[in-house]
Amino acid sequence: MDNDVSAGSTTSTLGHLALGLTLLAFGIGSTGVIDNVAASDAAALATWVGGVALFVAGLFELRAGDGRTGTAFAGLGAFWFAWGTGAGGGVSEEAGGLFMLLWAMLALSLTAAASGSGLLGQGVYGLLTLSLLLSGIGAFADASALGQIGGWAAALAGLGAWYGATASLAKWPTLSGRAAGRGVTATG
């Protein structure tokens, strides 16, 4: 545990909050734990917060020279915008499953790239990868239980991203692999 937590960049913190809220909304909707709430109900949040805001945060991070976080935010912003604008559309289950599996490849790349950012950073991207894989496979196999488990993984990833951003703002301890003086963020 690093008790000397540096705040990191404001853009990075905002991006992690956007990612956390979007993952929580998508994940909780996918679990079916709340009556009459589905993942597609998170489409507006996914489009504007997870999509547009996260993509713009990624561009700012890239401009500031942080290629890892910039790539993560811009890539995930593109994912959430595409998912949010297409949610509830007339695509087949198989097309939706393929969409999730293809984006799981990005999440897997982000997981590998986060190897130096500590357990929390890798955990968020790892859980996102698991969520997308389970959701994609569940769509192909017509197994809603896999989608629900994927929803729980997304919700946990969202909690991790939210905690990391909140810890950065509040200067709470996180598990981080970067030196405190270089702008520690929990997931990037």
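Reply: Start with a term. Accessible area comes from the Shrake-Rupley method with a 1.4 Å probe. By that method the protein exposes about 8,500 Å². Carbon and sulfur atoms supply 67% of that area. Keep in mind that the model is predicted.

Me: What makes W48, V52, F55, V56, L59, F60, L62 and F81 a nonpolar patch?

Reply: A patch takes residues with over 30% relative accessible area and no salt bridge, and joins nonpolar side chains within 5 Å. These eight names form such a patch on the surface, so they meet those terms. Together they have about 730 Å² of accessible area.

Me: Which helix gives the most to the nonpolar patch?

Reply: Helix α2, residues 43-63, with 7 residues. F60 has its place in helix α2.

Me: How many helices and strands are there?

Reply: The protein has 6 helices and 0 strands. The order from the N terminus is α-α-α-α-α-α.

Me: What share of the residues is called buried, and why?

Reply: Buried means under 20% relative accessible area. Of the 188 residues, 45% are buried, so that share falls under the cut-off.

Me: How do you know which parts to read with care?

Reply: pLDDT is the predictor's confidence, from 0 to 100. The protein averages 87, and 88% of the residues score at least 70. Residues 1-8 stay under 50, with 26 contacts beyond four places in sequence. Residues 177-188 are also below 50, with 42 contacts beyond near neighbours in sequence. Where pLDDT is low, the predicted coordinates should not be read in detail.

Conventions: Residues are numbered from 1 along each chain as its sequence is written. This is a predicted model: local features need pLDDT of at least 70, side-chain atom pairs count only at pLDDT 80 or more; totals for chains, interfaces and linings use all residues. Side-chain values use heavy atoms; hydrogens and water are left out. Patches are made of residues with over 30% relative accessible area and no salt bridge: like charges are joined within 9 Å, nonpolar side chains (Val, Leu, Ile, Met, Phe, Trp, Tyr) within 5 Å. A salt bridge is a side-chain nitrogen of Lys or Arg within 4 Å of a carboxyl oxygen of Asp or Glu. Helices (H or I, at least four residues) and strands (E, at least two) are DSSP runs, numbered from the N terminus. Contact means heavy atoms within 4.5 Å. Buried means under 20% relative accessible area, exposed over 50%, partly exposed in between (1.4 Å probe, protein chains only).
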